[in-house]
Structures are given as structure tokens and as C-alpha cells.
Amino acid sequence: MEQMTIYTGKPVIMDRDHVDTDQIIPKQFLKRIERTGFGRFLFYDWRYEAENVERPDFELNQEENRGATILVAGENFGCGSSREHAPWALGDYGFKVVIASSFADIFHQNCLQNGILPITLPKETLAALKEHIRAEKNEITVDLPEQKLTAGDRFSVSFDIHPYWKNMLTNGWDEISLTLQYEDSIKEYEERLFV
């Protein structure tokens, strides 16, 4: 997993509540067995009116939003089924951070396990951030060690993250790499057990 300490990226606002995982990555694209290649299908039914024909009014298709890596959403983002393909699609598209007022629990966990930082902000703070982005067009900087989000010189807010996941993301560890840190102890245990 990629290490995340201080990350600066271009935001895109998706001012919608209750965006479910079937909207993030529709079911017909879940046939792949790899974790890659899902980005082109992200928000497929909203992004395209026909195969490879973009809807010009959809947020990600607007020229000023191309290349965005921070998604600023609404309430209950990632609800619906527990498909891990949803964060795979977001990550493959290029998103590193998703900011919302709330997340579905399983989606939130799946993001963390796949190196995407979900940041929960109170509704009023999220609304102020959206207003600031629309007015100032600033990039957003996320300082994970300090748990601080800034946009330009005039917007700054702290956010919470569980210490376990903060440690995992700042070190670029997934749960396999964490387990491998105990490889010698595991080997020693196996040798004692099977001798």
C-alpha cells in the first residue's frame, strides 16, 4: 500500500447524499478478478449516456474537475452492498481521499484497507468546505500525522482517525505487511509446533 503522510490534491464536489456502492461501481462490472481496471467504470451510469459518450453535466466530466484526487461528497457515502470493488474503482480512478459527513461502516473500512483515506466532517463544516472550494478553487492538503485538513490560507479543520489506521496509512502498511513484521516469531512458533 502507498504511504500517506501529507497529501495535496485537487478536489471535486459531488453534492449528493446516500451514494451507494452500485452507483460507485455498477454490478455488471464486478466480473474482473484483479483489483485494477475499475476506474473507467466509476459512476458509470452517471458519467455516460451511452458507451464512451460522457454526460457533460456530470461532475467528473467537467473540464475543471478532471484530474481530481479528493472527492468531497455528502451524507452516508458508500451505503448499499459491501462490495470492495467500490474503493478499488475510486482508487483506480485516482482518488486518494474521500470527505463526507458520514460513511457506511463497511465501505469506510474497505477504503482504509485499500489505502484511501475517508475523512468524516460535521455537516456544517463540510458545507463550509464545499462553499470555500467553489469560491476559492483551492487544492486541499491533508496532513495525516497532524490530522489536519486545509484549503488555501483561510480554511483549516481537524479530523479524527483511529490510531490503528493512522499508523497503517502513514507507514504504507496493509494487514499482510503488518503480519509479515512477525514473520520470525511465526516461523519460530511453527518450528516448535511441527518438530
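Let's start at a helix contact: Ala 86, Pro 87 and Leu 90 in H3 meet Phe 107, Asn 110 and Cys 111 in H4. Contact here means heavy atoms within 4.5 Å. By class, this contact has five nonpolar residues, one polar and no charged ones. Ala, Val, Leu, Ile, Met, Phe, Trp, Tyr, Cys and Pro count as nonpolar, Asp, Glu, Lys and Arg as charged, and the others, Gly among them, as polar.

A word on the model. It is predicted: local features need pLDDT of at least 70, side-chain atom pairs count only at pLDDT 80 or more, and totals for chains, interfaces and linings use all residues. Residues are numbered from 1 along each chain as its sequence is written, and side-chain values use heavy atoms, with hydrogens and water left out. Helices (H or I, at least four residues) and strands (E, at least two) are DSSP runs, numbered from the N terminus.

Back to the helices. H3 covers residues 85-93 and H4 covers residues 105-113; they pack at an angle of about 45°, axes 9 Å apart. That makes H3 oblique to H4. Oblique is what remains once angles under 35 degrees count as roughly parallel, over 145 as roughly antiparallel and 65 to 115 as roughly perpendicular. Axes are lines fitted to C-alpha atoms, for helices over the stretch in contact, and angles run from 0 to 180 degrees between N-to-C directions.

Which residues of H3 are buried? His 85, Ala 86, Pro 87, Trp 88, Ala 89 and Leu 90. Buried means under 20% relative accessible area, exposed over 50%, partly exposed in between (1.4 Å probe, protein chains only). These buried residues pack against helix H1, strand S5, strand S6 and H4. After H3 comes Gly 94, with a positive phi near 130°.

Now the sheet. Four strands form an open sheet, ordered S1-S8-S9-S10, with antiparallel pairing. Two strands pair if DSSP finds at least two bridges between them. S1 and S10 are the edge strands, each pairing on one side only. The twist averages 15° from one strand to the next. Helix H5 (residues 123-136) packs on the sheet and touches S8, S9 and S10. The direction of H5 makes about 150° with that of S10.

Last, the S9–S10 hairpin. Four bridges join the two strands. Three residues lie between them, and Gly 152 in the turn has a positive phi of about 65°. Ala 151 has Phe 155 as its bridge partner. Lys 148 stands opposite Ser 158.
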